[in-house]
Each structure stands twice: as C-alpha cells, then as structure tokens.
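Here are my notes on the two-chain model. Please read them with the structure open.

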Amino acid sequence: MNPAEHLASFGRISYDTAHLIGAVILMMSFGLLYQRRLTAVIRTYSLQAMVLALAAAWQALVQDAPHLYASALIALLFKGIAVPFALNWLVRRLGIHRTVETALGIGPTMIAGVGLVALSIVLVLPVTASSTAMTRENLAIAMSVVLLGLLMMITRRNAVTQVVGFMSLENGLILAAVGAKGMPLVVEISIAFSVLVAMALFGIFFFRIRERFDSLDIAYLETFRGERR
Amino acid sequence: MIGSLSTLLPLGVQNPLFWILGMPLFGSLFLACLPNWHHAVWVNVLISAATLAAAASLLVVRPAETLLFFIDDFNIYLVGLTAFVGFTTSLFSSAYIGRESRDRRLLPQHLRFYHSMYQAFLFTMLLALTANNIGVLWVAVEAATLTTVLMVSLYRTREAIEAAWKYFILCSVGIGLALFGTILVYLAAQPVMGDGVPAMAWTQMIKRAGAFQPELMSLAFVFLLVGYGTKVGLAPLHAWLPDAHAEGPTPISAVLSGLLLNVALYALLRFKMLIAANSHALQPGPLMIAMGCSSIFLASFMLYRRGDIKRLFAYSSIEHMGIITFAFGMGGTLANFAGLLHMTMHSLVKSAIFFAVGMITQAAGTKRIADIRGLTTSHPFLGWSFVIAVLAIAGLPPMGIFMSEFLVISSTFARNAWLAVPVMIGLLITFGALIWRLQGMAFGRPGQLVADSERRHQSTFVRAIGMIPLVAHLVLALVAGVYLPDALVAWFQAVGKLLG
C-alpha cells in the first residue's frame with residue numbers, strides 16, 4: 001500500500017474508531033503494570049475486557065461479520081464480569097495479600113513496557129507493508145498487548161496477578177483475531193481460551209495457590225527437584 | 001449452517017475418521033459416567049484397542065479430504081503410532097493403576113477421572129493429527145495441554161500441584177504465542193486465498209504458499225517455533241517438561257514423552273512445510289537446527305545431575321526431541337527419513353522405559369536413583385528389560401535408535417560436516433550419563449527397599465499384562481534396527497520428500 005492510500009484511511013470512521021479502541025486496550029495494559037493493589041489490578045483487567053468486547057463488536061459491524069458479536073459477548077460477560085467477580089471472591093476467600101508483589105520495580109517495568117511497544121511497532125509495520133492500514137495498526141497494538149501481558153507474568157510474584165497477566169495476553173490475541181479480516185473460528189478460539197481461564201481460576205481455588213512457585217529458599221527447590229542427597 | 005457442517009465433519013460410518021475420533025471422544029464421556037474403576041480399567045483398554053483397529057483401517061480406506069480433516073502420508077503414520085502407543089499404555093496402565101489403588105495412592109474418584117481424561121487426551125491428540133484447519137489444530141493442542149495438566153496433578157501432592165501449575169502456565173503462554181503465529185499465517189494467506197475457512201485449510205494453503213506475504217510468514221514462524229517449541233520441550237523452553245513427567249502417574253509420563261511431544265512437533269512441521277514452500281521467507285532450517293542443538297547439549301549435561309529416575313528420562317526426552325528437530329531442520333529426504341524413524345523409535349523405546357520405570361518405582365517404593373540398586377538380581381526379567389531399554393535409548397546397536405541416530409549424523413556429515421560434530425559430542429555425553437546411572441540401578445547388591453517390596457506380590461496375571469507392552473515395544477524397536485521392510489522404507493522416503 002502506498003503512503004497516499006495509507007494516509008487516506010486516517011479520518012475514516014471505521015479505521016479511527018478501531019484505532020482508538022485498540023489504543024485504549026493498550027493503555028489498560030500499561031495500567032495493569034502500574035497498579036499496586038490487587039483489587040485495582042482486577043478492576044483494570046475487567047475494564048480492558050469490556051473495551052475488548054467493544055473492539056470485537058466494532059469489528060463485527062465494520063467487517064459485517066455477525067459471528068464476532070458472539071466473541072464480543074464472551075469478552076463482556078465472561079471476561080469482563082464473571083472472571084473479575086470470581087477473582088475478587090478468590091482474593092477474599094483465600095486471604096491473598098492485597099498488595100502486588102513485584103519481582104521488578106514499577107518504574108523499570110514501565111520502561112521495559114514502552115520498549116516492548118516500540119519493538120512490536122518496529123517489527124510489525126515493515127512486514128505488513130502490503131496489508132490494509134486497519135490490519136497493520138491493529139496487529140501492532142495487539143502484539144504490544146501480548147508482550148505486555150508476558151511482561152506482567154514475568155514481573156509479578158502472586159499467582160492471581162500472574163493469571164491476570166495471562167488473561168491480558170489473551171486479550172491481545174483476541175484483539176488480533178477479531179482484527180484479521182474474515183478469520184474463521186474466532187468464536188471457537190474465544191471459547192477455548194475461556195475454558196483455559198476457568199481452569200486457571202479453578203486451580204487457584206482448589207489447590208490454594210497463592211504464590212508463584214519460585215521460592216527463594218534453595219533448599220526447598222532442591223528437595224522438589226529430587227537432587228538433595 | 002448445519003448443512004455445511006455435516007459436509008465438513010466426518011459423520012459417515014464408513015469413514016475411518018468417524019471411528020478414530022469418535023471412539024475416544026465417546027469413550028471419555030462413557031468412562032466419566034462409569035462408577036466402578038475395576039470396570040473402567042478394562043473399558044479403557046477396549047476403547048483404546050478399538051481406536052487402534054480404526055486407525056489400522058486407514059491403511060485400507062483413506063477418507064476424502066475436507067476443509068477440517070485430512071489424512072496424508074505424513075499424518076497417517078503418526079495416527080497409527082499414537083493409536084498403538086495409546087493402546088499399549090492402556091494395557092500397562094491397567095496393571096499400574098491396580099497397584100497404585102491397592103497402595104492407596106489413588107482413590108476411586110481419582111481413577112474415574114483419570115480414565116476419562118486418558119481417552120479425552122487420546123482424542124485431542126488424534127484430532128490435532130487429523131486436523132486440516134490450522135485453527136482446529138491449535139484448539140486440539142490446547143485441549144491436549146488441559147487434559148494432561150489435569151492428569152499431572154492427579155496425585156495431589158505439593159510437588160504434583162507445583163508441576164501441574166508450572167506446566168499449565170508455561171504451556172498456556174506457549175500456545176498463546178502459537179495462536180498469534182497462526183493468526184499471522186492467516187493474515188499472510190488471506191490476500192491470496194480470500195477470506196474464510198479455505199485460508200486456514202492446510203491442504204489448500206500449501207498449494208499457494210509460494211504467493212503468501214513472505215515477511216509475515218517469517219514473523220509467524222518465529223512465534224510458532226517458540227509457541228509449539230515450548231510444547232515440544234525444546235531448550236530453553238523446556239522448564240515444564242521434567243517436572244510434569246516426574247510428578248504425574250507413570251502411564252501419563254509414557255504418553256507425554258512418546259506421543260504429545262510428537263504431536264507438538266508435528267504441528268510445527270506442518271508450518272515448516274508452509275514456510276519452506278515460500279522461497280522469499282526466512283529459512284526455517286537454521287532456527288530448528290539451533291534449537292535442536294541447544295536441546296541436545298542442555299539435556300546431555302543435565303542428565304549427570306539427576307537424582308530422580310523419572311526426571312532422568314524426561315531429560316533424555318528433551319535430548320531426543322532435540323535430535324529429531326535437528327534432523328528436520330537439516331531437511332532433505334535422507335535427514336527427514338532419519339527424523340521420522342527417530343520419532344517412531346523414540347516413541348516406542350521411551351514409552352517402554354517409562355513402563356519399566358513405573359514397575360520399578362512401584363517395586364522399590366521410591367523414585368530416587370540412589371535407592372534403586374541391583375534390579376537384575378532382585379527382579380531379573382524387569383531388570384534386564386530395563387537394561388535393554390536404556391541401552392536402546394542410549395543408542396547402542398542393534399536397536400532402532402542406533403540406526404536413526406546413525407542416519408541423522410551420516411546425512412549431516414554429507415551436507416555439512418561441522419554441524420555433525422556438536423550432535424556427536426552431545427550423544428556421547430548422554431551415553432556416558434545413561435550408562436553410569438544404569439550401572440548403579442541395574443547391578444550390584446539389591447537395595448533394602450527393593451528386597452522389602454518383594455513380599456508384596458502382585459498376581460502373576462496382572463504383572464504379565466503390565467509386562468507385555470514393555471516387551472512388545474522393545475521387540476519392535478529391535479526388529480526395526482535389524483530389518484526395515486522395503487515397503488516401510490519406501491513410504492518413509494515418500495514422506496521425507498513430502499517434508500522437503
């Protein structure tokens with residue numbers, strides 16, 4: 001696509017709205033990295049899922065693909081409402097520590113996050129030179145959300161925040177999937193992920209997993225790995 | 001909608017896929033409703049046998065390809081292998097489960113769940129292997145992860161839960177990245193193939209893969225390699241593998257190593273074929289060679305420090321998946337042939353080893369290598385079978401693994417001699433580690449624990465049932481090492497060509 005055509009897609013309502021919604025989802029990803037309290041993390045995640053539902057619904061309208069409304073509905077009802085509700089209940093029920101325990105400070109994490117966004121833009125924009133502007137920008141944003149979710153999983157100690165990181169990564173994947181024009185099986189993929197998320201929540205509750213399993217106690221690690229003699 | 005679905009799904013009774021996929025799926029539901037685990041054990045064996053029979057019928061009737069399912073020369077053999085190892089493992093599991101239940105390590109409600117999940121796991125693997133749609137392939141691999149996570153946590157010990165959680169988180173991220181790669185492949189294909197289902201059907205895509213956007217395909221392959229590579233257990237993405245193998249029930253370790261890793265590699269190879277058909281995209285070979293070499297090296301050194309017998313062989317699986325990935329990375333008919341042969345041999349021998357390990361840990365009451373001694377004296381038949389199996393996996397002639405490793409190295413030498421050097425060094429280091437560990441376990445005076453457990457005999461019949469799969473796998477590996485039928489060689493060569 002030549003630059004003139006690319007410029008022409010700015011200002012078109014379908015493109016601008018999708019771009020705006022994508023940017024809000026990306027902002028929420030940064031919000032997740034920034035929050036220091038668990039309840040705030042869960043609330044931010046819930047908001048992100050709701051905006052994702054909006055993105056899916058918008059794509060359904062623009063692409064004239066009614067099956068995407070199902071994806072939007074799953075995002076809204078399951079991820080936006082049911083999962084945050086379950087997470088809050090879990091935090092109360094298991095008495096999980098309310099402040100977020102970080103492996104890397106908030107500041108450095110944010111800087112790393114900005115770096116990851118830059119990386120995805122640098123990676124995606126050149127390789128999609130012949131795609132439509134909508135696909136390009138959407139893909140760059142989706143990849144940023146995926147990488148930020150990964151970053152969150154790495155830098156947070158608590159099992160709940162780790163799962164939230166995974167779910168936000170998954171939001172990025174769904175964003176990429178709904179943005180890919182005419183992609184089949186998006187609804188099935190949303191459902192498959194929902195099962196995965198439900199399993200994770202169930203696992204936390206059932207096995208009372210509070211911490212991510214990287215105890216600093218080396219002695220414990222050695223017994224676990226069966227290396228202690 | 002329903003009308004179009006019925007043309008896509010294998011719903012005819014004369015279609016082998018209907019039985020191959022239907023048996024384990026409905027078997028899983030049936031087993032979930034069956035309250036008595038004594039019956040469930042045998043129903044499990046029966047369903048697996050029926051699945052194997054259905055898979056064998058593929059040799060006679062090849063189903064027509066649809067947009068969702070297809071059978072070609074490549075996956076037909078993996079379907080057969082999966083059904084076969086699934087069946088033998090269900091036999092082994094019948095002996096193993098009886099013992100575990102008598103020792104009160106597993107409760108009846110766990111067993112009901114276990115058997116249901118076993119069939120569900122077979123279903124997801126067979127679905128992944130027969131899927132024509134790359135989205136269905138992804139969903140199947142994801143479901144296979146879920147079912148195995150549930151089975152790894154079966155013992156409910158702290159270690160088992162930790163292993164299952166680690167497996168769950170790491171592989172979820174892995175398949176998440178694989179999905180991103182899949183979306184990118186669709187985006188690369190969409191301008192050429194148009195919107196919708198055909199742009200995700202592998203058989204349609206491969207015909208026109210040369211015209212896909214090469215840059216997007218390259219980016220996609222990196223994500224797919226990292227994503228599915230996590231499930232293959234390639235270093236440095238292997239962290240979940242030893243824990244999951246060590247803490248789950250041993251029949252599950254056998255199918256994880258023998259089958260699931262193959263399925264993940266199969267998914268990766270399908271994408272490798274797509275990208276290799278595009279001359280402008282990046283070469284997948286060097287990336288796979290690098291991952292393969294790193295796995296071989298990491299695993300071979302890690303083998304020396306293992307104190308847990310199941311963990312030891314889990315690292316050996318990482319090494320062998322490394323060799324197979326390396327062989328497919330080299331490409332060319334001969335190297336692909338070697339890779340396919342090694343995949344088969346590794347499945348047979350590694351699951352045989354886990355069968356033996358299961359019986360050994362039950363007899364010795366421990367998984368610690370230091371506490372297992374003198375097996376050939378205390379349990380002569382089991383002990384010597386174990387010795388043969390470990391020698392086979394270490395790559396001694398005349399077993400099949402020797403032949404496939406020899407082919408990998410000689411074909412590499414012919415193309416680029418320097419690349420063969422690290423593989424050979426890795427193989428030698430592994431060999432040393434395995435023989436060293438084997439000596440302590442197999443020979444010498446029997447340990448206290450081993451002698452004690454002799455008093456708790458299992459009935460001869462059940463023990464024999466547990467022994468049959470072990471012997472059958474070893475005999476097959478031996479036969480393959482000595483003599484491969486010409487028809488099989490010709491077929492492997494044809495698949496090797498297909499893989500490019």
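**Notes on the model**

1. Start just after α4(B), where B:R104 has a positive phi of about 60 degrees. Helices (H or I, at least four residues) are DSSP runs, numbered from the N terminus.

2. Some ground rules. This is a predicted model, in which local features need pLDDT of at least 70, side-chain atom pairs count only at pLDDT 80 or more, and totals for chains, interfaces and linings use all residues. Residues are numbered from 1 along each chain as its sequence is written, while chains are lettered from A and ligands numbered from 1 in the order in which they are written.

3. Helix α4 of chain B covers residues 73-102. Its 30 residues reach 44 Å from first C-alpha to last, close to the 44 Å expected at 1.5 Å a residue. The expected span is 1.5 Å times one less than the number of residues.

4. α4(B) bends by about 25 degrees at B:S93. The bend is the angle between axes fitted to the seven residues ending there and the seven starting there. Of the 30 residues in α4(B), 21 are buried. Buried means 20 or more other C-beta atoms within 10 Å of the residue's own, exposed means 12 or fewer, and partly exposed is in between; C-beta atoms are placed from the backbone.

5. Now the interface. In chain A, 37 residues are in contact with 35 residues of chain B. Contact means that C-beta atoms, placed from the backbone, lie within 7 Å. On the chain A side, α5 (106-127), α6 (133-155), α7 (159-179) and α8 (186-207) each supply at least two residues. The largest share, nine residues, comes from α8(A). By class, the chain A side has 24 nonpolar, eight polar and five charged residues. Ala, Val, Leu, Ile, Met, Phe, Trp, Tyr, Cys and Pro count as nonpolar, Asp, Glu, Lys and Arg as charged, and the others, Gly among them, as polar.

6. α8(A) also packs on α4(A), residues 67-94, at about 5 degrees, with the axes 10 Å apart. That angle makes the two helices roughly parallel (under 35 degrees). Axes are lines fitted to C-alpha atoms over the stretch in contact, and angles run from 0 to 180 degrees between N-to-C directions. Residues of α4(A) in this contact include A:I74 and A:F78; those of α8(A) include A:V197 and A:F205. The contact has 14 nonpolar, four polar and no charged residues.

7. Last, B:L427 sits in helix α18 (residues 417-442) of chain B. B:L427 counts as partly exposed because it has 19 C-beta neighbours inside 10 Å. Leaving out residues up to four places away in sequence, B:L427 touches B:G395 and B:E405.

How values were computed. Contact = placed C-beta atoms within 7 Å. Parallel < 35°, antiparallel > 145°, perpendicular 65-115°, else oblique.
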